[in-house]
Amino acid sequence: MPLLEPEVLRCVERLEREGADHDAGEPERRLKRLNLERPAAELVHLLLRATRRRRVLEIGTSNGLSTIWIQAALRATGGALTSVDREDAKLQEARQNLRACGLLEGATLLLGDATEIVRGLAGPFDAVFFDADRVSAPAQLELLLPRLEPDALLLSDNVLSHPAEVAAYLAACERLPGFASTVVPVGKGLHVAHRRSEGHGAGSLRAAPRPPSPGSA
Ligand SMILES: C[S@@+](CC[C@H](N)C(=O)[O-])C[C@H]1O[C@@H](n2cnc3c(N)ncnc32)[C@H](O)[C@@H]1O
């Protein structure tokens, strides 16, 4: 069964072609679209959908290709997305592309420096996808920590393509209590970290009591 509905898939295929052509002819990195590769986008989509994420933050919208994959997952879960980029023209394209795919509803696109924007976001978020400049991700992660749901899912692209730039983010994730993580070698390398809600002490972070095991009565 395909991951996307036919009309969304057609939209994605068009954007993939346009993005590849655009980036091949655009010498300035800032103006490139740098879209997520299909296998990584599919994995992000599946992870968000399979784990029923409902409040997602994307850092690095570009023209909205990954945003479309995320929104397609959130359409299934009834969730909402906030996505941030500092390039106004890209954000406007993202809005048009989401609209063309029928996926604009439920998406809040915010213009500005991601760290400054994140500072002002109330959250809470149950998933964050980091796909911006990489070096500012540790600062954003620190700001986001109090605004993450107990079982937060953190996704970050480029961990195999830009190991030096993501090193501080990966080290910050390693230090976070309760998070288990892995690197999936799809696209440019997707880091996936998940906070297990058990073992976090108080309140809603406590693991639910286990049912008695068979024969233990
Ligand atoms: C790799 S592209 C994102 C690609 C997009 N996620 C996709 O797959 O279609 C990175 C984007 O992050 C934006 N960006 C980089 N650093 C940023 C920052 N500090 N604050 C906000 N946006 C940033 C860039 O303008 C660029 O559009």
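I will go from the strands to the core, then to the ligand, and end with some backbone details. Keep in mind that this is a predicted model.

Let me begin with strand 4, residues 125-130. Strand 4 is largely enclosed by the rest of the structure, because 6 of its 6 residues are buried. Which strands pair with strand 4? One is strand 1, which pairs with strand 4 in the parallel sense over 4 bridges. Within that pairing, Val 56 has Ala 127 as its bridge partner in strand 4. Another is strand 5, residues 148-156, also in the parallel sense, with 5 bridges to strand 4. There, Phe 125 stands opposite Leu 148 of strand 5.

Strand 6, residues 179-184, is joined to strand 7, residues 190-195, by 6 bridges. Ala 180 has His 194 in strand 7 as its bridge partner. These two strands form a hairpin with 5 residues between them, and in that hairpin Gly 187 takes a positive phi near 55 degrees.

Now the core. In soluble globular proteins, nonpolar side chains tend to be buried together. In this model the largest nonpolar core has 49 residues. Which of its members touch the most others? They are Val 56, Ile 68, Ile 70, Ala 127 and Phe 129. As for Phe 129, leaving out residues up to four places away in sequence, it touches Val 44, Val 56, Glu 58, Ile 59, Ser 66, Ile 70 and Leu 155.

Which element gives this core its largest share? That is helix 3, with 7 residues. Helix 3 covers residues 65-77. Of its 13 residues, 10 are buried, so the helix is mostly covered. The buried ones run from Leu 65, Ser 66, Thr 67, Ile 68 and Trp 69 to Ile 70, Gln 71, Ala 72, Ala 73 and Leu 74. The length of helix 3 can be checked as well: at 1.5 Å a residue, its 13 residues should span 18 Å, and the end C-alpha atoms are 19 Å apart, which agrees. After helix 3 comes Gly 78, with a positive phi near 75 degrees.

Next, the ligand. How many residues surround it? There are 18, and the closest are Leu 36, Gly 60, Ser 66, Ala 114 and Asp 133. Helix 3 and strand 2, residues 80-85, are the elements that give two or more residues to this shell. By class, the shell has 6 nonpolar, 5 polar and 7 charged residues. Ser 66, then, is among the closest residues to the ligand, is one of the buried residues of helix 3, and is touched by Phe 129.

On to the backbone details. Two residues other than glycine have a positive phi here. One is Ser 62, with phi about 50 degrees, in the loop between strand 1 and helix 3. Ser 62 counts as buried, because it has 24 C-beta neighbours inside 10 Å. The other is Arg 134, where phi is near 70 degrees. Arg 134 is in the loop between strand 4 and helix 6, and with 22 C-beta neighbours inside 10 Å it also counts as buried.

There is also a cis peptide bond between Gly 123 and Pro 124, with omega about -5 degrees. Pro 124 is in the loop between helix 5 and strand 4.

Two more residues before I stop. Tyr 169 is in helix 7, residues 163-175. Is Tyr 169 buried or exposed? Tyr 169 is buried, since 24 other C-beta atoms lie within 10 Å. Apart from neighbours within four places in sequence, Tyr 169 is in contact with Phe 130, Arg 134, Ala 137, Pro 138, Leu 141 and Ser 156. So Arg 134, the residue with the positive phi, is one of the contacts of Tyr 169.

Asp 113 sits in the loop between strand 3 and helix 5. With 14 other C-beta atoms within 10 Å, Asp 113 is partly exposed. The C-alpha atoms of Asp 113 and Ser 66 are separated by 19 Å, and the two residues are 47 residues apart along the chain.

Methods. Residues are numbered from 1 along each chain as its sequence is written. This is a predicted model: local features need pLDDT of at least 70, side-chain atom pairs count only at pLDDT 80 or more; totals for chains, interfaces and linings use all residues. A residue is near a molecule or strand if its C-beta atom, placed from the backbone, lies within 6 Å of it. Ala, Val, Leu, Ile, Met, Phe, Trp, Tyr, Cys and Pro count as nonpolar, Asp, Glu, Lys and Arg as charged, and the others, Gly among them, as polar. A residue is buried if 20 or more other C-beta atoms lie within 10 Å of its own, exposed if 12 or fewer, and partly exposed in between; C-beta atoms are placed from the backbone. The expected span of a helix is 1.5 Å times one less than its number of residues. A nonpolar core is a set of buried Ala, Val, Leu, Ile, Met, Phe, Trp, Tyr and Cys residues joined through C-beta atoms within 7 Å. Two residues are in contact if their C-beta atoms, placed from the backbone, lie within 7 Å. Two strands pair if DSSP finds at least two bridges between them.
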